[in-house]
2 protein chains.
Amino acid sequence: MAETAAKPGTSDAVAADLELAIHEHRLPPGTKLGEDEIAEAYSTSRTTIRAALQALAHRRLVELKRNRGAFVAQPSVREAREVFEARAMLEPRTARSAAERMTPESVALLQAHIDAEHAALDAGESGRALYLSGHFHIEIARIADQTTIEAFVSELVSRSSLIIALYWHRRAALCDSQAHHALMQAFIDKDGDLAEELMKNHLLDLVASLDLRNRTSIPTSLREALGR
Amino acid sequence: MAETAAKPGTSDAVAADLELAIHEHRLPPGTKLGEDEIAEAYSTSRTTIRAALQALAHRRLVELKRNRGAFVAQPSVREAREVFEARAMLEPRTARSAAERMTPESVALLQAHIDAEHAALDAGESGRALYLSGHFHIEIARIADQTTIEAFVSELVSRSSLIIALYWHRRAALCDSQAHHALMQAFIDKDGDLAEELMKNHLLDLVASLDLRNRTSIPTSLREALGR
DNA sequence: TGTAACAAAGTTGTATACAAAATTGGATGC
DNA sequence: GCATCCAATTTTGTATACAACTTTGTTACA
């Protein structure tokens, strides 16, 4: 929904495409993003790719190692906690604001999001479902008419996708479609209090579904992953 | 304080330098940032400058107009409100967290900041004082040990500097050194409740010192500025 | 005199070429 | 056989050249 289409071949378009791939877990954390390789894939020059990678680096979705190259970011346990703490500060109040400003059109938009998410799940496209699930949160910020916060939430949601890729634990589960449904009701009723409370709990549930036990910093380096 | 020094000539160094200049109001909102001009000033190529300008564009400190060039951003009234709403969501709770984690070293660091700010004011370097005053807020996030939120606050503080340049109204006034002093006492006492409350009020005072009456959108275009 | 079309200058967008750094593979010495 | 050093390869960092677009200044025409 609302796939923002930029003129193809521009750094914006490439960045959006790469971000989507990362968000849908087609590019797992740690993947090396070689400039030549990507440039060829999009049939453009490295100049364009570099701009795209820098943009993604600014959103902390890729890590730029000097003279080493770009890699899909691998948030540490600590970074994971910070991301959800930031979300806890921003999203509940934003959900309240959105609920208070909710219009029938906005409700329809969100409902379409949820439907698309279910359709993706049924089709076995779990990556796409995850992406849509994240964008549900971004859409709420947009409805709250807070573009600045929307930008922050957008970054946090994308980073959350990386965190889920690394630390997701509780398999299966009802995911969070239940939580989104409950939020929808609060939105329909324009119940700001309820929306804020539900969002707060929803984020807590998300964190609870992660395995954030300290495994001595990051699994970035092979050395640690192999324990020697 | 903590002028993060990057290897000179790199895009990071140029970006930091430009951001400082913008923050200190040496480059007022709307200033055209020609690539050739800057490249010559830093005796480097346009490639490096473009990367720096893109980084600043990500932080919304400069606006990149396609085929037109880069300009120091001119936040709209609406954007100004949004920035301070976001700060209100993030900073009070961060101040609480910082107060609870305060150490003698942190207190000394913040005090040094305030002293430097006063020294700059006495020396008539109001731009530098403004910069230091903003960094006081960033330092609090750092003490709270929240790098993710610190990054957001850093962006918001820099944007606030642009907003102040455009909409500052209440001349003179005690600025906010008073507010920072009060916060210091809360920090020394490790009084989280008080710190949160003081920060909240401090931000409200800041907004109140701005003239955010709707002058039909932005003063960006000459047409509107001239009212025809 | 005012408008419109056109031409020229300047600036940004993109690609390519070259330089520097890091990794990898092999060779040499212990 | 193992470690270390050195060379070759690959990849990124930077500069420059060219193309495309926007703006501005001029000229022709109504």
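Strands here are DSSP runs of type E with at least two residues, numbered from the N terminus, and two of them pair if DSSP finds at least two bridges between them. With that in hand, welcome to this predicted model.

- Three strands of chain B make up an open sheet, and their order is S1-S3-S2, with antiparallel pairing.
- Strands S1 (32-33) and S2 (62-65) of chain B each have a single partner strand, so each stands at an edge with one side left without a neighbour in the sheet.
- In general, the strands of a sheet are paired through hydrogen bonds of the backbone, and the pairing can be parallel or antiparallel.
- S2(B) and strand S3 (residues 69-72) of chain B run antiparallel and are joined by four bridges.
- To see one of these pairings for yourself, find B:Val62: its bridge partner in S3(B) is B:Val72.
- Lying across S1, S2 and S3 of chain B is helix H3 (residues 46-58) of that chain, which runs at about 115° to S2(B).

**A buried glutamate in chain A**

- Now move to chain A and look for A:Glu150, which sits in helix H7 (residues 147-167).
- Is A:Glu150 buried or exposed? Its relative accessible area is 13%, and buried means under 20%, so A:Glu150 counts as buried.
- The side chains of A:Glu150 and A:Arg142 make a polar contact at 3.0 Å.
- Beyond its neighbours within four places in sequence, A:Glu150 is in contact with A:Ile138 and A:Ala141, as well as with A:Arg142.

**Around DNA strand D**

- DNA strand D is surrounded by 16 residues, and the closest are A:Arg50, B:Thr44, B:Ser45, B:Thr47 and B:Arg68.
- Which classes of residue make up this surface? Eight residues are polar, eight are charged and none is nonpolar.
- Helix H3 (46-58) of chain A and H3 of chain B each supply at least two residues of the surface, and H3(B) gives the largest share, three residues.
- Sugar or phosphate accounts for 65% of the atoms of DNA strand D within 4 Å of the protein, while the rest belong to bases.
- On the base side, an N or O atom in the side chain of B:Thr47 is 2.8 Å from a base nitrogen of DNA strand D.
- On the phosphate side, a polar side-chain atom of B:Arg68 is 2.9 Å from a phosphate oxygen, and a polar backbone atom of A:Glu35 is 3.5 Å from a phosphate oxygen.

Key:
Residues numbered from 1 in each chain as written. Chains lettered and ligands numbered in written order. Predicted model: local features only at pLDDT ≥ 70, side-chain atom pairs only at ≥ 80, totals over all residues. Heavy atoms only, no water. Contact = heavy atoms within 4.5 Å. Axes fitted to C-alpha atoms, helices over the stretch in contact; angles between N-to-C directions. Buried < 20%, exposed > 50% of the residue type's maximum accessible area, 1.4 Å probe, protein only. Polar contact = N/O pair within 3.5 Å; in protein donor to acceptor, adjacent residues only side chain to side chain. Near = heavy atom within 4 Å. Nonpolar A, V, L, I, M, F, W, Y, C, P; charged D, E, K, R; others polar.
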